[in-house]
Amino acid sequence: AEGRLDTVLERGKLLCTGHNGSFLGFAEVDDEGNWKGLDIDLCRGLAASLFGSSEGTMDIVPISWAQRWPALQSGDVDVIIKLAGWSQSRDAELNLAYTQPYFVAGFHVMAHADLGVEKVADLDGGSICVSAGTTTERFLAAYIENLGIEAEIIVFESGDEVRTAYFNRRCDGLTLLAPPLAAARATSENPEEHVILPDVIALEPSGIIVPEGDPKWLDVMNWMLTSLWFAELHGITSENVDEFRDNPPSDQIGKFLGVTPGYGDRLGLSNDWAYNLIKEVGNYAEIYDRNIGEPYALPRALNNLYTNGGLFYPLMVD
Amino acid sequence: MMTLLKQRSFRDLAYQAGFVGTLIAMVVTFAVTAAVNLDAQGMTSGFGFLQRSTGWGVSFSLIPFDTSDTYLRVIWVGLLNSMFLGAISLTLATFIGVGIAIMRVSGNRMAGLIGTVYVEIFRNLPLLLQLFFWYAILTSLPQPRQAIDIAGVAFISGRGTYLPGLNVTGTSAFLCAVATCAAIALAIWLNTARRFAHMSTGRKRASRQALWGGLVLLIVVLMLAGRIPETPLLNVPYLKGLNFRDGIRISPELLACIIAISIYGGAYIGEIVRAGFNAVGKGQSEAGQALGLRPWQIFSRIRLPLAIRAVMPTLINQYVWLFKATTIGIAIGFVDFFFVISTSINQSGQTLELIAILMGGFLAINYSMAWVLNRVNDAIRLKGTQLRG
Amino acid sequence: MTTQTPAIRISDMDKYFGTFHVLRKINLEVARGERIVICGPSGSGKSTLIRCINRLEEYEGGSINVLGTELDDNIDNIDAIRRETGMVFQHFNLFPHMTILDNCTLAPMLVRKQSRAEAEEVAMQYLTRVKIPEQADKYPGQLSGGQQQRVAIARALCMKPEIMLFDEPTSALDPEMISEVLDVMVGLANDGMTMICVTHEMGFARQVADRVIFMSDGEIVEQAPPTEFFETPKHARTQAFLGQILGH
Amino acid sequence: MTTQTPAIRISDMDKYFGTFHVLRKINLEVARGERIVICGPSGSGKSTLIRCINRLEEYEGGSINVLGTELDDNIDNIDAIRRETGMVFQHFNLFPHMTILDNCTLAPMLVRKQSRAEAEEVAMQYLTRVKIPEQADKYPGQLSGGQQQRVAIARALCMKPEIMLFDEPTSALDPEMISEVLDVMVGLANDGMTMICVTHEMGFARQVADRVIFMSDGEIVEQAPPTEFFETPKHARTQAFLGQILGH
Amino acid sequence: MAKTYHKPTFIERTRANYFSTWLDTTLTLGFGALVLWVLLGLFDWAFLNAVWSEAEREQCGHGSGGACWAVIDARWRLILFGLYPFEEQWRSAIACIAMVITVALSCVPWFWSARRLPVLWLAGFAIFYVLMRGGLFGLTPVSEQNWGGLSLTLFIFASVTLIGMPMAIVFALLRRSHLPMIAGTMGVIIDMIRSLPLLSIMFTFAIVLPFVLPGWAVGDKLYRVIVGYALFFACYQAEIIRGGMQALPAGQEEAAQALGMGYWHRIGYIVLPQAFRNALPPTINQLVITFKETSLVVIIGFFEVLASGNAAYGTAEWNFAHIEVYCFVALIYFTFVFALSRYGAYLERRLAVAAR
Ligand SMILES: Nc1ncnc2c1ncn2[C@@H]1O[C@H](COP(=O)(O)OP(=O)(O)OP(=O)(O)O)[C@@H](O)[C@H]1O
Ligand SMILES: Nc1ncnc2c1ncn2[C@@H]1O[C@H](COP(=O)(O)OP(=O)(O)OP(=O)(O)O)[C@@H](O)[C@H]1O
Ligand SMILES: [Mg+2]
Ligand SMILES: [Mg+2]
């Protein structure tokens, strides 16, 4: 069978994952019904890389968590960009292939300040709410077991119910991925009444997912991520990318932006695909700030370039 | 040939063969296509993951469960929880529904009005919303430290209702429940069965006393046998840390599910039973009146039995549907069958297999429920056809 | 309840269905042990009249006194009267979910507080009397129309009422059965039971009734002993009606 | 279908309900234009017999030939026979969701493919004949019993059948109405239609029937012209039955 | 005690109906107080203390104790139209109205004929489809994936009923067939399908079916889901119709047979019209359920009203206001379903009068 890349190019349209509702920061819908968010920007970037622009070349298919793997296999979507953690069972048993992580988030616990708790161990005997759909509950269970405390874990299907339950004091603690947790605190009536405990329950590295056994398609994903970080590293933004192309400061950057051929040919893309990508969505920093940093005031922390003390690094562009 | 085609008996045979044949052909086509397609996708299906440990826990379980138990067991936990919730809610919904139907046909304007308002509100608002509402009310009860204290042994709080319990093993508690149900069934049989009709009143009373006495004795024996050693017999909840320990706990999630489903189901069942009352001609109740029966006797002996018979098939439809409403528990974190399947899908990713298990589970429960109720329906169906008006 | 009072005394009774005036100023006195036949064209209010007597219908004006008890809004009075009056409905109204025997024993057990054995004995006795003891364990739907009719009579009799009200008790029967049912009723009449019977079986009226009442348009047009009624009807409406019944 | 063949020829017909042998070796021949009255005690199989003639019931042995067509398993034959036989049911079985006129025009339009105008004209003609043209736009539930009965007759006639089957067409009527319905039937009979009528109206039998058939326990016990039948019944069972009908 | 008759006045009737005994009086007063209390509280929250416009967002939720309708002001188009392209949403609105009109018109008895009803629905669906899908008359094409909000809800409901109803009739007829194999098999199929959660059926049709069907038969996900839902609906409705048929006296079909009418004529003109009459209240129950359960398509990623409601508060600025959004969505559902159930009550009364 031909690879997914050819199928997509032939179709002239990329089918990318959305959400059934909203996932704060990663897949939201604006007042006019357009998708936005970090995951969505990656989809748009991918479409721009493939076709030059995301205008009319991309369909966001809203799917639920449970649907994502079969949807990929049945061809409803071409790729899963849906903040999905990289675990061994998924990787090995479900015939999925992960790119390097593009977002690393810690799970934290937020607690009511008046309980006087300072760490998760102080929640002994209390209850902790988590939302279903990710690997959170498993990590939380393991973490609590390690601490040797007893706590009731209550799992909710949706993010807003879990928050309501916490604010109604059904639970003493609320466990979420750092971004939504920060959002929950920031949008509450009285942010000072809640403390985010320092414990990191677990670190979940999330990558882009494609079906196993399609290395060319996987390559496109990996190099798209590299391009975003490479651009950030070299200060290329969506605003100044034209200047960079007109006067590439280095041969490497010239090749990167398609001034000299090669960067695209090897992948089966146009040579200026990285230019299109940056032009469309900007570099990683722009994407992050636009979707997470500004609206939710969440510092980049681990999700920074290695040069800034983070975990991310571009592969070698040559 | 032509005449053969016109023969009714031949046609009947041909129709049946055609119908069943088409169905079989469809199923075979599906199976073959599926095999080909799945093979092409390199998708392996298998139920091996059921033997793996889950690594996550559940907040409510009727049988012991911890994070090292297998997927198979967690699915079993979910199934039991669903049946538990279903049994309680369906029973309550039936009582509420019959009550509402009675109010609506009672002829008392005020009662009728209340019944109508009840149906229009609770039938027409989405169940999910009602569930959120009851859950919000239950969780906004006081915190454990300020819990409503009933005589120092029972507590009501936003974290649940705590009742004193006994320190006995689950098995013996279960056996006690079974024994009680059996005794009740026996008592009903004793009261209604023909073969005891001619028993003298004295002998009847004696056998009734023997029945209940035996039950009490059996329960005491079971409790003592199943005692967990080195614990006091009575298990009183007490406050420790952020919450109560010990005792029997009814979590707000369970309670909210029970309240929401019974109230919601009551509205639908009420409508159906009302239709049943309307279908029963007033001749029968007039005959009861003419015989001097009291209103309550007419209701319990004549109107209700006839109304239930008139709507039994629709009622079965509704029960089957209502049981499926328990899946709503996932929204507020009640660990039911659907919840564990959904979580397992997220955790293991074995979507298709788990959906198949989900369907199998509901099929088993609902099909058997419908089957039993259909047998009941057949058993109580009005005999003979020569009925008038 | 002394034996001096009449069984039924209806005075100036008015009955409306909504605005429709069904019964107009009815006056009727029935002595104990008297046997009355009511006839009249369809829709004239015969059924309604006897349904008023055991308060299956409320009435709007006048008064009804049954066995010395005033039939007013007092619930105890209504209960007392219903206990003492039996009724056989035009449409039988058997309880289809109970066996014939249960149909007959239900009220005696619940109302008269008889034991099951006692009630069943009485029931079998009356079922034998209407010649269907072998059907006791069947359900109403399994009997033919005539048999159902007889069950309805037996059921009413099991309560041993002082007054029996029959509403067209032979309307749905074939000729052979009609005579069987009428035989039973003649038997009852000879036992001295107070009886009001709506029927068009003129043979029965002639043979058994003490008095025949003719109703038309909600009024009692004529009442007279049977010989007088059939031979010298006074009212024109009665004459026309009798003409058609006896004519064809 | 030649005029030589009899209208109905039943030979050695057997019919069972489960193990219950309802009709036993029935032999009956009805000539075209003949008028037959069937009587007999309840449960003797009268209704079942006429229901077999238009195959509302299947039979297990022997054969039935209607208008020269064999009534066997062949679907076309069944349809052909039903088109040519009209039936009036004991309980009318009018279609309650249609007006009287629609009740009468439905089958002619669907089965005989008549246009609406044509069908309505015929229907009004027959409704006039049974004296209820003014009720055409009402629904069955709004008519009295006697009127409904006449609609049922008109409905069957609108198909212009060669044979009419009546099942106790006056069973549920009050005395005044019975005579009206019988008048209509006498009219039909005089037009020369083949007619089989289950009834206990002996006046009608005497006046109209060519032959009276007496059934008992699933067998034809006796058949004879009316005068002979009523005056010199041969069979003991017939004598007993007639005794009771005419006696009371 | 002689009685005299007079027509009761309004006050007398009220007293007799609501205050005749102490129990009645308590009931009336208690219920009245409860209703008053709920209504006042609701009024307080929803009107008196509410924030209405997007511009005043800042005042929301800070001790005012009122509703924050600002979220609706800002996001109502998202809730009503989902992901439908912003500039084209007028099309969705008109399509929606067309669907409502179609449904409303088919409630008018004049349309209840074998010719008018199909024409009406065909026209309704054609208008809806052309407007929503585009590609004709210069309308830009919009794929089914982007349909959403109220028009999607209505579309699913209408199509499910429309496909499901004939299916239900066929199922019911098959189940009461005199041929044992057909009746038996159909019984098992109906009992099995109605035992399953709707959600799993939708999931199967959306996700699993592509693996099972030959390529040419797969079709768009939306239509697969509609077919699956229709199948599910048909199984429930078939039982309801069968109930209605059982209540029909055997004489009705026999009378039609005796008139020489064929099977389909008997079913179409005699049996079905009366069966539907008998089965009206449970049918309305079923339609109410069907309308509400369209919300389950959210699980396979469609933006019907509930899902777009979720999306509406799913951003940083509106995240706190989910109660208001839920209330708004509930109000939409309630409006339609309540209309449906009142219409059912009206029909019931109407048919009761006609029946006799
Ligand atoms: N519930 C009711 N509401 C309105 N009108 C009624 C009601 N019941 C009976 N009627 C009317 O009251 C009148 C008397 O009815 P009733 O049943 O007493 O007549 P009847 O003399 O018994 O006639 P039949 O011989 O046909 O039984 C009729 O015109 C009837 O239409
Ligand atoms: N569906 C049935 N199943 C079993 N037995 C039946 C059925 N229908 C009729 N019978 C029995 O068959 C016998 C003949 O019934 P049928 O209706 O032909 O009697 P009939 O002569 O018309 O009586 P009637 O004068 O009461 O109408 C009766 O004993 C009856 O109980
Ligand atoms: Mg009457
Ligand atoms: Mg008969």
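**A buried lysine and its surroundings**

Reader: Where is Lys46(D) found?

Author: Lys46(D) sits in helix 1 (residues 46-53) of chain D. Helices (H or I, at least four residues) and strands (E, at least two) are DSSP runs, numbered from the N terminus. The model is predicted, so local features need pLDDT of at least 70, side-chain atom pairs count only at pLDDT 80 or more, and totals for chains, interfaces and linings use all residues. Residues are numbered from 1 along each chain as its sequence is written, chains are lettered from A and ligands numbered from 1 in the order in which they are written, and side-chain values use heavy atoms, with hydrogens and water left out.

Reader: Is Lys46(D) buried or exposed?

Author: Lys46(D) is buried, with a relative accessible area of 5%. Buried means under 20% relative accessible area, exposed over 50%, and partly exposed in between (1.4 Å probe, protein chains only).

Reader: Which residues does Lys46(D) touch?

Author: Leaving out residues up to four places away in sequence, Lys46(D) touches Ile38(D), Cys39(D), Gly40(D), Pro41(D), Glu168(D), Val198(D), His200(D) and Met215(D). Contact means heavy atoms within 4.5 Å.

Reader: Now the loops, please. Where does Lys160(D) lie?

Author: Lys160(D) lies in the loop between helix 5 (145-158) and strand 7 (163-167) of chain D. Lys160(D) is not a glycine, yet has a positive phi of about 45 degrees. Lys160(D) is partly exposed, with a relative accessible area of 47%.

Reader: And what is phi of Asp217(D) near?

Author: Phi of Asp217(D) is near 50 degrees, a positive value in a residue other than glycine. Asp217(D) belongs to the loop between strand 9 (211-216) and strand 10 (219-224) of chain D. Asp217(D) is exposed, with a relative accessible area of 59%.

Reader: Let us turn to chain E. How many helices does chain E have?

Author: Chain E has 14 helices and one strand. Of its 356 residues, 55% count as buried. The C-alpha atoms of chain E fill a box of roughly 85 × 75 × 40 Å, taken along the principal axes.

Reader: At what angle do helix 9 and helix 11 of chain E cross?

Author: The axes of helix 9 (residues 221-246) and helix 11 (residues 263-278) of chain E cross at roughly 105 degrees and come within 7 Å. Axes are lines fitted to C-alpha atoms, for helices over the stretch in contact, and angles run from 0 to 180 degrees between N-to-C directions. Helix 9 of chain E is therefore roughly perpendicular to helix 11 of chain E. Angles under 35 degrees count as roughly parallel, over 145 as roughly antiparallel, 65 to 115 as roughly perpendicular and the rest as oblique.

Reader: Which residues make the contact?

Author: Helix 9 of chain E contributes Gln237(E), Ile241(E), Gly244(E) and Met245(E), while helix 11 of chain E contributes Val271(E), Leu272(E), Ala275(E), Phe276(E) and Asn278(E).

Reader: Finally, which chains share the most contacts?

Author: Chains B and E share the most contacts among the eight pairs of chains in contact. By contrast, no contact joins chain A and chain C, whose closest C-alpha atoms lie 48 Å apart.
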